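Reader: I want to talk through the pockets and the core here. Can you put it up?

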Amino acid sequence: MELDPTSLEQREVYKLLIGCVVPRPIAWVSTVALDGHHNLAPFSFFNAVGSSPPALTISINYSASRASGRKDTLQNIIDTGEFVVNLVTEATAAAMNETATDYPEGVDEFTEAGLTPVPSRTVHPPRVGESPVSFECALHTALQIGAGPGSSTLVVGIVRHIAISDEVLGERNHIDIHRLKPVARLAGNSYAYVRETFELIRKSYRPNQG
């Protein structure tokens, strides 16, 4: 099958992307509105960018339910220039799903999901107390890609501070994946555990010395 995305409906392209680009890590993003209200929402178009400076990227889709087309998370990030990325684990998956609800503006998802907002060290948005890893970020850039339904804004944040539970941090600052127990996003209502891992040793190229 050969597919031209321009010949497909936007929803079809979306389903193909989320079905093929798997598993996806989940950024549980906490922000603060200009009026001080907390907001918390999950995003699975998320990854790391680089380590010097440490940077993360989140893609936030267009919201038809908002007059501006911006979800509360994106509006708060643009207004304040700050956000926190918290990781989702097996223990917090149900709470994360609760915060995915399209609540009206001003509703505090921390309260709705029974989560603990913990003051951050370098930014105003709180961390999720139940999350073992939180990245406090400052907005670097927000790039809008497209317009209307199916479009998105690519947010790049510079990591100012990292909070990690001692329980998941091993020797030489290595993360113990079996203690972290992250949850990954698939398509539809499906998620994945990370319970089995394997190793492949990368080969070093050595030209024939003759």
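**Pockets, cysteines and cores**

Author: In the second largest pocket, E3 is the top contributor to the lining, with six residues. Helices (H or I, at least four residues) and strands (E, at least two) are DSSP runs, numbered from the N terminus. This is a predicted model: local features need pLDDT of at least 70, side-chain atom pairs count only at pLDDT 80 or more, and totals for chains, interfaces and linings use all residues. Residues are numbered from 1 along each chain as its sequence is written, and side-chain values use heavy atoms, with hydrogens and water left out.

Reader: What volume does the second largest pocket have?

Author: About 520 Å³. A pocket is an open set of points on a 1 Å grid over the protein atoms alone, where a 1.4 Å probe fits, with protein on both sides within 12 Å along at least five of seven lines. Lining residues have an atom within 4 Å of a point. Points are joined across faces, edges and corners, and the volume is the space filled by probe spheres set on them.

Reader: Which residues lie nearest its centre?

Author: Pro 25, Phe 46, Ala 48, Leu 87 and Phe 135, out of 24 lining residues.

Reader: How does that lining divide by class?

Author: 21 nonpolar, three polar, no charged. Ala, Val, Leu, Ile, Met, Phe, Trp, Tyr, Cys and Pro count as nonpolar, Asp, Glu, Lys and Arg as charged, and the others, Gly among them, as polar.

Reader: Now the largest pocket. How much space lies in it?

Author: About 1300 Å³. It has 45 lining residues, and Tyr 14, Pro 42, Phe 43, Asn 61 and Lys 71 are the closest to its centre.

Reader: Which element gives the largest share of that lining?

Author: H1, with seven residues. By class, the lining has 19 nonpolar, 17 polar and nine charged residues.

Reader: Cys 20 and Cys 137: buried or exposed?

Author: Cys 20 is exposed, at 60% relative accessibility. Cys 137 is buried, at 0%. Buried means under 20% relative accessible area, exposed over 50%, partly exposed in between (1.4 Å probe, protein chains only).

Reader: Last one. Which residues touch the most other members of the largest nonpolar core?

Author: Val 29, Ile 58, Phe 83, Val 85 and Phe 135, in a core of 20 residues. Another core, of 11 residues, lies apart from it and includes Ile 26 and Met 96. A nonpolar core is a set of buried Ala, Val, Leu, Ile, Met, Phe, Trp, Tyr and Cys residues joined through side-chain atoms within 4.5 Å.
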